[in-house]
Structure formats: structure tokens, C-alpha cells
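Morning, everyone. Let's look at the side-chain packing in this one. Structure up, please.

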Amino acid sequence: MAEEILKVENLARHFTLGKKQVLKAVDGVSFSIKRGETLGLVGESGCGKSTLGRTVIGLYPPTAGKITFDGIDVGGKKTSAQRDELSRRMQMIFQDPYTSLNPRMKVLDIIAEGIDNHHLAANRAERTRMVVELLRSVGLDEEHANRYPHEFSGGQRQRVGIARALSVNPDFIIADEPISALDVSIQAQVVNLLKSLQKKRNLTYLFIAHDLSMVKYISDRIGVMYLGNLVELADSDELFAHPLHPYTQALLSAIPLPDPRAERGRSRIVLEGSVSSPINLPDCCRFCSRCQSKGKECEKGIPPLVEVRPGHFVACCHVV
Amino acid sequence: MARYIGRRLLYMIVTLFVIVVLTFVLMKILPGSPFDTERFEKLTPEQQAAALERYGLDKPIPVQFLRYLGNTLRGDLGTSFYYTNIPVTRVIFSRLGPSMLVGAQAILVGLAIGLSLGIVAACRHNGFVDNFTMVIAVLGISVPNFVVAALLQYYVGLKLGWLPIGFWKTWSCSVLPSLALCFQPLATAARFIRTETLDVLQQDYIVTARSKGMSQARLLLKHTLRNSIIPVITIMASMVVNLLTGSLAIESIFSIPGIGGLFTESVKNNDYNVIMGLTMFYSLFYMLTILLADVTYSLVDPRIRVAGEKEGE
Amino acid sequence: MQEKITQDMFVPVRSDAHKQEYIARKHHSAFHDGWIRLRKNKAAVVCAVLIVVITVMSIIVPYTSPYAYYETDYKHKMNAPSSEHIFGTDLFGRDQWTRVWYGTRISLLIGLAAALINLVIGVFYGAISAIAGGKVDAVMQRIIEVLVGIPSLIIVILFMMVLPPGVGTIVAAMAVTGWVNMARLVRAQILKLKNQEFVLAAQLLGTSRWKTILRHLIPNTISVIVIQVMFAIPSAIFTEAFLSFIGVGLAEPKASLGVLINNGYKALRSAPFLLIYPAIAIVLIMVCFSIVGDGLRDAFDPRMKR
Amino acid sequence: MNKLLEVRNMSVSIHTDGGVIQAVRGVSFDLREGETLAIVGESGSGKSITNKAIMGLLPVGGRIDSGEVILNGRDIAHCTEKQMREIRGAEISMIFQDPLTSLNPTMTVGKQISEMLLLHKPQMTKEQRYNRALELLDMVGIPNPKERCAQYPHQFSGGMRQRVMISIALACEPRILIADEPTTALDVTIQAQILDLMKALQKKTNTSIILVTHNLGVVSSVADRVLVMYGGRFAETGELDEVFYDMKHPYTQGLLNSIPNLQLQDQALYSIPGTPPDLINPPHGCPFAARCEHCMRVCQKFQPPEFTFSETHKASCWLYDERAKGGAQNG
């Protein structure tokens, strides 16, 4: 397979909320993504997946750990040439279609912002031509160029966001919950669009979402996060076939399937209680408070991510 | 909570210090010395020196400032020139009564009418009451209170003779001034509560309440007002201040022996010590009102009072 | 005409994908959108027109009127309004019609100047505080918290006593603590915008800090600024009138609406019209500005769109 | 099982300054005792407005233009506000989508529960109401009810608040519970808890539930019958298995194919092109015509009538008119 484009080692991002209150949004996460691959990242609200995405792309400085994108240390000191290169080759698609576009700018200028910054267009004519071409590649057309964001539906705005990200022809895109605010039929449109763009432009995706079925459809490999830790990482079919971590098992069994016969035959693992508060977390397996197979060794420290089967990593003292 | 109040008190002290410095500087560069220039020339050089020395004006500026600061801390704000040799603090407190009475009456009447108008306006959105309230609210803010006072004094006081047009003999003397002052709080309260109530009426928990099948009255009292009345506290502080400044003009129109009138008087007579004392009094009073409003707000709103760790989330 | 359903209607129709993306509603910009809503608000439009009319009149009348605002005429003291003197004459026989419009000009001038100065200081202070963030923001906020504690009107009066009376002085005095409101509003708006996703996206596209401010932050703050100015002008006019009323404002023979109202008040018993006309003028201006301000906020303030 | 609720040909419009929205256009369905009917549709399909109309909770400018809502023999669409008050909370109650904003933030949870009892069970004393509130909190699975009763909504997590909403709704043992997207705002594991709770409560109290949702997974795990709505109109209705395995309407087909099936390996995800219709000037013919692969000229001109396939299975689509070249060609 292709070579590694992004490598994240032991990444942590903490927020100090007050005197003694530290929110460990991301706490020691390591993974890597190969060129052309899509890594899905799932987890419930408060698990730190969005913070991880924004730290990897450089919006938040990492508290600890290292992020290497094609040899460039994203978190550390960067030359202006490197900063330019990163701002061209790494891009992000956001969640809320209503706040991810500047309401006061025409779609033409929104998409062309990247082109202007990196002087990719010789003159205005070429700039417009490139924007129209980008609009067509996301299923919109010239007629939409001179309109303002508030004139579009949610799904169309998300496609403008994708066109903007593609404007600087990046090789790596982080999609931070791009479809959770959309209707089911529109979600499928956007996901199919992302898949076809990946093939055409050999893009690499980090796809962050909480809707597991959609993540399975688009991802080659999936990582499951819980309270700042990566608890399991495997190929998507392997993960759904043999989930090893108790939380992943509970998560997968909680998904209601759109198939009544399958639903009737299923017995569900229902987790007790709810996610504990992410502030001032103890240094032990973060899931132990809700885990059926809890043992003494779970409280000794955060279990490391261990490769139990080829390509299948899990962070749990019992499974290893 | 205590830490919060502590921090706020610290800011008040800093602000007061800034004001003391400001007033001291103003005192120094005010035109004309503390007493009539003609009288001062007539004095012989020795008498002049003695007078300056008695008021400590011969010492270098920083020393004067320290003495001024020392006195202020001890509550001795010097003596009034106009009311010869009566300590400023006593002058101020002697005139506090009427202002407080007129101010309190204006606020109570203003709030009572303003809030009820605003609430009814919000409930019957775009109805007659709503438009009427909006007109009253705009007029209340637009018509300066001293114009209202002048008109009330002339037409109601003089022409119709229903109420005394001035001075401070019986309670009825306080009616016209309070009326003149109450329009602004009335308008502000009406506008504010109307917007807050309209806001609350759009919230999801109002739909939940309606789905319980309760009467309009109960919905209004137990759910709508319970949430829209709390923010009113935040505008109380600014209302009180507008009244203080409003009273400056009203008290001179109705010649009421209040601190508002005192301020305008001492401005006219260049009675600096009183002016500085009043400035500090107003600032202190204003900051205490803001602090009181903030503390009351956090006590009344359960979301702040009962922090409590949220289980999960 | 109820068209009959015929067999040939049952023929598949291939609808092309692009037509589906067609947007039904007419194309217009965000400002345009707000402008339509504003136009629908009759009261706001009428008041806006009134403001323009008053401003134009206040400039023209003092020039075209046969009498100068300071010209005294002891033969016609305290004359009631007549065809000769539309608003009558005052204690010194000066033509009130000219003086009221002259006073309006002065008051509008002061209101506008004070609002603009507060706007400039406030926007810069608020913007720098919000954009810089961190320590700088904390310090600037402390300064605001200290300034907020000072009752602004008292300070204005003190300044008026110190400095020689005049339009410039009044505006300067009001600017001492007048800008705090604008600063707080602008800071809150920019802080909210800074975390919006479209600003993060611009950052990721390599947009420079300065271009982000010009293209993303300022355009989305303008509606807040405009609305605040519409409320700052009348309150400045009110403060000036108040100062003149307690005798601290402009010196004779210069006349602002406050001065006119004060003189009118002194002669209320014998010549009520001396108070009525300037009072109507100031109330009209204040009402118009508030209604237009409300109209602008309903039309352009995104919060209202919630 | 007799019919508890029957909605006949209901149309609802909402007058806004942007124009008159024809939110619901002639929808009919019924609800049997102890049954769970799922009303499925995307945003703008009118599924939520239909239920708000039944409860008489339409937003400002909303109006029931025509149709009846028969609740055990009485047409509650046209009864007075006072009569509706006796019904709301006692016979039909409702829970909403966003637990974070659906509870009064300045009132304790206990008081919000006992208020429901105060309204509909005046004969209960304060003591009885308090005990019943504790009982309800326990019934919906909230640990140590005594302590939690006196706490405020902001001290509860999203899932817990939804349980409180359910306890309020079921306080007076209503015959019908309308749940408007109850788990959309919740995480998957919490959603599973709430759905199990609702199923358990239904077994115990035999309350019939109208579940409004756009999540077909939730439908297949909870519902007995399904009503699919699109563009303010009825598209298809039937038993769960009929709609999931023998769907007739192309929109239902499109919806099901837009959701990845976890069992299949690499399934090509079908996506319905285009965007939902603009209901201020709704299309003349079938609302789904613009996005439908099988669209015919008649679909663009005339609203399709109701075709029945079994006692419970009906769909509104011209494909099943015998003139459409020998009936069904569904996907």
C-alpha cells in the first residue's frame, strides 16, 4: 500500500478550565494514515474526536506528542515555506453548514479564498473558471457562483465547503462530522461525493463522525475513542465483525439496524449510567466505571494500544 | 461566591482611587481658587500666605494629594465653601432624604407600570397593547425628563393647581418630581421585559409546559415570567444611575433640597469640596448598586446559584 | 381547467440532475435581504426620511432665514408665533425659528460627533482587545471594568466645568467614558466570530491575520456597530441638552436645543412657546433615531434571525 | 384492538412573513391501542407539524385548515382551548427532541413532575403528588430519586433529562404518548437506553406511542407500524415488515437504500438526488416527482391517489395505476 502520509505519536491536548480543573480532551493518542486511505474516527460526544482533528490540522497547539505530515512537524516550529505548504496540502470540512460559510461573502469569493492566498490563478478570468470547475465537481454549477450562503440548503452549503477545501488541491482532508447536521438522503449525496473525489484526486481522509454505519461505509480503517483515549483501531469490516474492546462491543450493539428481522433477533448490551465528566480524569482505564468485565488491573494505568491481531489494535487489559 | 464578591470589591477600590485622583487633578486645574478671587486680592500677602497655608495649598502637589487622600480615607472630605465650614459629608447626608424618596417612588411606579405593560404587550404580540406599549416606550426614552418636569410643573402644578410646584413641605411636593422621573424607568422596563418575555415564549420548555395542558395564566406565571423576570435585575443598576443623574435637573426645577440639586448648586457656586464629595458618593453608590444587582442575579438564577457537578455530559 | 389524466401521460420523464439543484427563490445578497425587511417596516422608513428632512432643514434654514440666530431686536421681545416670526421671538427678540433650526444643527452635530468618536475609539479598543486575546485582552478588560464604575454624566459635568464651554468640549467630555459601550459590544461580537467555523476555515486556507480581519471579522461586525451608533446619537443629544439645561453647556449666544429649552423653561409662564418648539424638535429627533435603530436591529442583527 | 386515535385528511398551513407554508396537505392515519406507530420523514416533510396539530400546539401563525382528529369518538381538532387543556397531558402527552432546552431551567425536576399531577389529578394531596413523583423517577430508571427530585435540570445529563421528560409525560397514565424525535439529540448508547425504556414502559402501561423520527434504525427497533411522509403528504404506510421488505413508494425505497447496511460488505450507497420541495409554493403533482427516477408526466401534474396492497399496506404513487404499463415496476 502507499506510504504513510500522516503520523501521530502520543498526542495530547489539555485545556485548563480553572485552578485545579484540567480537561484532558485528547490524552495520548497514536495512529498513522497512508496516502489514499480513509481513517474513520468514532466516539460519543465528549470523547475528544473533534479536538483531535483540530489539533492534527494545527488549529490547536498540541500539549504533548508529535504530529508529522509528510515529514513536516505540524505541532512544532515551522518555516514559512512549510506553513504555506501545510495550508495548501491539509484542509478541513466542517460540521455546521450554517456557520462554516461567511454570510457576507459570495460563494465565488468563498471558494476562491484559497486560490487567492496561494496565487494559483493568473488572472480574474482564470480564477472564476477554476471556481466554476470546482462547483461542477461537487454537483453545483455556475448559476450558484454569485449567490450568498443563506440562499442554499444545508446539503448544498456542505458541498460549497468541500469545493473550498478542494480549491488548493490538498492531499489530506479532515472531515469533522460533515454530515451529522444533514437529512439522511442528503448525507448519502455528500458521502458519495467525498468517495468519488477521493478516487479522482487520490485524497486521504480523516473522517470524524458519531454515526457509525456511515463511517463504516466510507472508511477503510476505524478508530474508536472514549474520553480522550483511542480504545480500538482496526479495518472497518474486521472491527464490525469482531469488536474486542468492551466499549466498542457496546457501541456496535447499541446501533439500531434498519432491518426489523435482524433487530428482533438481537440481544443488546445496554451500558449503565453515562459518560463520566472529562474534567480531572483518573489515570486508569477510562471505561472501567461502566465496564462489566472490570478487574483490579484496570485501575493501574491507561492500558496501551496493543496489536492483538494483524492490523487490529485494542487498549484493554483483559483482551491482551 | 465570596471570591467573586472579593474580586468585585477590589475593582471598586481601584475605581474609587481613579476617581479620587481624577477629582484631585480637576480641583487643581479648576478656574478660580477655592474662594472669591476679589476677596483674595484684598487680603495682605501675609493673610494670603496664612489662608493658603491653612488650606495646605502651599505644599508641593504630591504632598497635597497624600493629605487629600488621607482625609478622604478618614471620611473627611473637607468643608463646604458655600455652607461655610460645614463638613461636606454632613452637607451631603442632610440632603440625602428627599432624593432617596423621589428616586424610590419614581423607580417603584416606573417598574410597576413598565413591567405590567411590557408583559401584557409580549403576551398579546402585535395587539393594541403591544403597539401602545411600544409608543410609550419610545416616548419615555425620547422625551427628556426635564422637559416633562417643566411641562408638569407649568400645566399640572401652576395652571390646574392640583399639586405644589416646588419646595419640600408635604409629601405631595414629591409627587410631580417622582412622576417626571418615572417615565424613563417605565419605558426601559417595558421595552426590556417585552423583549425578554418574547424570547422566553419561543423556548422549547414553554411548548413542553403547554403540552401539559395548563391554563394561560399558570403558563405565564409559573414558566414564562419565572424566566423572563430574572434578567430585569441586570437593568436595575443602570436605571438607578439614570435616576441619580436625572434628579440633578428635576431637583433644581422643583427646588427640592436633594443631593441632585446640591450638585447643580455647587457647580454654579464652584463649591469644589462638595462637588468632589458628591462625585465620590455617586460613584460609590453606583458601584454598590451594580454589585448588588449582580449578586442578587446569581442568587435568584438557580443555574448559577446551584452549580452542582453535572452527572455525565 | 381540470386536465384529464390520459394514458400517454404515463411516460417516464428524465429530469436532469442539475435542474434539481436550481434554487427557486430570487437571488439577492445578505444586505439586500436585510434591506427588504427594513423597507417593510413602515415606521422605520418614515423616521429615516424625517431624520434626513430635519438634517437638511437644520442646515438650510439658518442661512436662508432673514434673521441671524444671534440678531437681537428689542422692539419685538417675546412675540408670540406670527407669520413674521414663525416660532415667535425670545427675551432678546431673537427669531426663534432660526434659533431652533440652528440649535438642531448644533445638537445633531454634537450627537454625530460624539457617536463617531465613541465609535472609532470603541471599535478599535474592542477589536484589539478581542483579536489580541490572552493577556492583552485581560488587561484591557480590567480597564473597562474600572471605567464602568464611574457614572459618566458626573464626569462629563466635571470636564465641562474645567474646560471652556463649546461644541468641541462637550464632545470631548462625552468621549471620556462614552466609548466603553461600543468597545464591549464589538469585543463580544468579534470573540463570537473568532471561533466560527468560517474563520477557522480561512485560517486553514492560509489567510493572513490582517486579511481575516478585513474580509471576515469586520463585515460581520458592521451591523452591530451601525445599530449601536443609531442609539448613541440620541443619547449624546440628550446628554448635551441636559448639560445646557443645568447651565453647564454652550455659552450664549450659541444655541443648542438644550440651551433653547433652558431659556424656554425660564420664560415658561409668560411664553410657553419658547419651550414647546425646541422640546418638540428634540423629542422628534430622539423618537426617529430610536425607531430607525430598532428597525435596523430587527432587519440586520443575525441574533434576531434565530 | 380498537382505534384510539384517527386523523382524517388533515391539512395544516403556517402563515409566516416569508409566505404561507403548506406544511401538511391531507394526511390520514390511525393509531390502535398499545401500538407504536412511527412517522418517518426528513425535515420539511410535515411529520412534526402533524403531531403538534393533534395536540393543538401549533406555532404562531399555524392553523388546521381542514380535516378531523377523532380521539375516542370526539373531534379534538375543532374543540375549544379549554377542552383541549383537559386532554393535553391527561389523554395525550408529548416528549420533545432537545432534552437540554425542553425543561424549565428555573424549576426543580420534582416540581415539574408534580405540576402535571396538580393539573389533572386535583384530588391528590401534596404528599401523594411528591410520592408519585418519586415513583415515576424510579420507574424511568433515575438513581436515588429523593435527592434528584430537588435538583434542577442543568444538573442532569442529556439522557437523564429525557428520562425526566418521559416521567412527566407518563405521570397521569395518558392513553397516547407522542415522542417527537426523542433520541435524535442523544448519543447512540444513551439512545439505546431510552428506546429500551420506552418499550418496557409500553408493555407495562399499554400506552400507544406515536414516534416521530428520521432514523430508520430506530423505527425498525421500536415501531409496529410505519407512516412515511414527504413534502407534507402521505407517501406510504403499513406494517413494519411490509414497509421495510416490500416497500412500494420510490421515496421509501430511496431512503432505505441511502442507509449503509452493516451486514453487506461493500454496498454501493444510493443517494436521492436534489433537495426537498419548497412548501411555500409546493409542486402541483406528487411532491417527490422532482427527485424520483420513475417520474412520469402525470406525476408532475396530479397528486397520486392512495393505492392499497393489503389491509394495512397503502402507498400514494402513480406507478401502481393500471395505466402505468401493467402496474408495479418498483426497484
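The rule: Phe, Tyr and Trp rings (for Trp, the six-membered ring) pair if their centres lie within 6.5 Å; planes under 30 degrees apart are stacked, over 60 edge-to-face, the rest tilted. Take Tyr154(B) and Tyr155(B): an edge-to-face pair, 4.7 Å centre to centre, with 85 degrees between the planes. Tyr154(B) is buried at 8% relative accessible area. Tyr155(B), at 32%, is partly exposed. Cut-offs: buried is under 20% relative accessible area, exposed is over 50%, partly exposed is in between, with a 1.4 Å probe and protein chains only.

Now chain D. Phe309(D) and Tyr320(D) have ring centres 5.0 Å apart and planes at 85 degrees, so this pair is edge-to-face. The pair links distant parts of the chain, 11 residues apart. Phe309(D) sits in the loop between strand S11 (307-308) and strand S12 (314-315), and Tyr320(D) in the segment after S12. Phe309(D) is partly exposed at 31% relative accessibility; Tyr320(D) is buried at 11%. Strands (E, at least two residues) and helices (H or I, at least four) are DSSP runs, numbered from the N terminus.

A word on the source. This is a predicted model: local features need pLDDT of at least 70, side-chain atom pairs count only at pLDDT 80 or more, and totals for chains, interfaces and linings use all residues. Side-chain values use heavy atoms, without hydrogens and water; residues are numbered from 1 along each chain, and chains are lettered from A.

One aromatic cluster holds Phe146(B), Phe238(C), Phe242(C), Phe245(C) and Tyr265(C).

Next, the cores. A nonpolar core is a set of buried Ala, Val, Leu, Ile, Met, Phe, Trp, Tyr and Cys residues joined through side-chain atoms within 4.5 Å. The largest has 148 residues. Which members touch the most others? Phe146(B), Phe263(B), Ile157(C), Phe242(C) and Ile282(C). Helix H4 of chain C (residues 96-132) gives the most to this core: 15 residues. A second, separate core has 73 residues, among them Val24(D), Ile87(D), Ile210(D) and Phe234(D).

Last, the surface. Ile117(C), Val120(C), Ile121(C), Phe124(C), Ile128(C) and Val136(C) form a nonpolar patch there, with about 500 Å² of accessible area together. Nonpolar patches join Val, Leu, Ile, Met, Phe, Trp and Tyr side chains within 5 Å, from residues with over 30% relative accessible area and no salt bridge. A salt bridge is a Lys or Arg side-chain nitrogen within 4 Å of an Asp or Glu carboxyl oxygen. Areas are Shrake-Rupley, 1.4 Å probe. H4(C) supplies the largest share of the patch, five residues.

Terms used:
Patches are made of residues with over 30% relative accessible area and no salt bridge: like charges are joined within 9 Å, nonpolar side chains (Val, Leu, Ile, Met, Phe, Trp, Tyr) within 5 Å.
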